[in-house]
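Welcome to my notebook. Here is what I looked up, entry by entry.

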Amino acid sequence: MTRQSIQDRVLTSSQSPAPAEPLASPSSARWSVWRVVRNVALAGMFAVVVAAAVILSFHFYPPLGRLVAETASAQSQAPAESKPAESKPAENKVAPAGTAAGETPFEKHANQAGVRTCAKVFAALGQALTLGSTYTEQTQWNTSSPDTHPVQAIAGMTYDLPDYKAQAAGVVFASPIGQGCEGGFVRVAPFQKTCQEIVQTLPKGSVLADNLSNSMLFNLANDGGQALLVPTGNACVVISVARMAG
């Protein structure tokens, strides 16, 4: 695997000192105060105009309003799958009546919403996103026609593994495409290690694809998606991205 070190780039800019301004007379000071008052008033008028434009946009373009008005959401939490059987996290709940005991929150919400075409892809992506964590997720869908619109979930995750204990977050989304479905997920996870150390833990066969403003982008092995390593001091934030179709 080819390794490429991050080169720090320091951008410097020089600025010549501005010429000294003449002292303002009392009359010019009064005009300065008047300009401030006038600018504040104009800013307030501009804010009113912008608010009116937003309201009018919902009037002339009803789909923008429906995008918000017809969106429903549900929230669930689930324990980590990797926990031992005898360990029972506080988040663990008994499955409600009519819900399969092994049903994940993603499957539960897809069924609740009436999502059919993207149900399997959405659930698989959700499970891949949250694997090894205790998580709470909120799913959003379109109420008027859930099976012909995208479905999305936002998850907050807690990892309590021997070598990784931290909070993370992610987004799962899936959208019907013709007779099938395509979707993906984005996970943001902080590590108390440098990004150079994280590189050593990537799956064997992962390849450095690019360097995005000093953040290394890797194509993970076995079509495992991509990982962007963002350095933050002596730590590293790993942004994982993956796609799926079905």
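**Helix H3.** I began with helix H3, residues 105-113, where Pro105, Phe106, His109, Ala110 and Ala113 are buried; buried means under 20% relative accessible area with a 1.4 Å probe, protein chains only. Looking down the axis of H3, I found these buried residues within an arc of 135 degrees, so they line one face of the helix. The arc is taken from the directions from the helix axis to the C-beta atoms. Helices here are DSSP runs of H or I with at least four residues, and strands are runs of E with at least two, numbered from the N terminus. Just after H3, I noted that Gly114 has a positive phi of about 90 degrees.

**Ground rules.** This is a predicted model, in which local features need pLDDT of at least 70 and side-chain atom pairs count only at pLDDT 80 or more, while totals for chains, interfaces and linings use all residues. Residues are numbered from 1 along each chain as its sequence is written, and side-chain values use heavy atoms, with hydrogens and water left out.

**Confidence.** I looked up the mean pLDDT (the predictor's confidence in each residue, from 0 to 100): it is 73 for the protein, with 60% of residues at 70 or more. Residues 1-33 have pLDDT below 50, and this stretch has 15 contacts in the model beyond near neighbours in sequence. A contact means heavy atoms within 4.5 Å. Residues 82-99 are also below 50, with 12 such contacts.

Notes:
Buried < 20%, exposed > 50% of the residue type's maximum accessible area, 1.4 Å probe, protein only.
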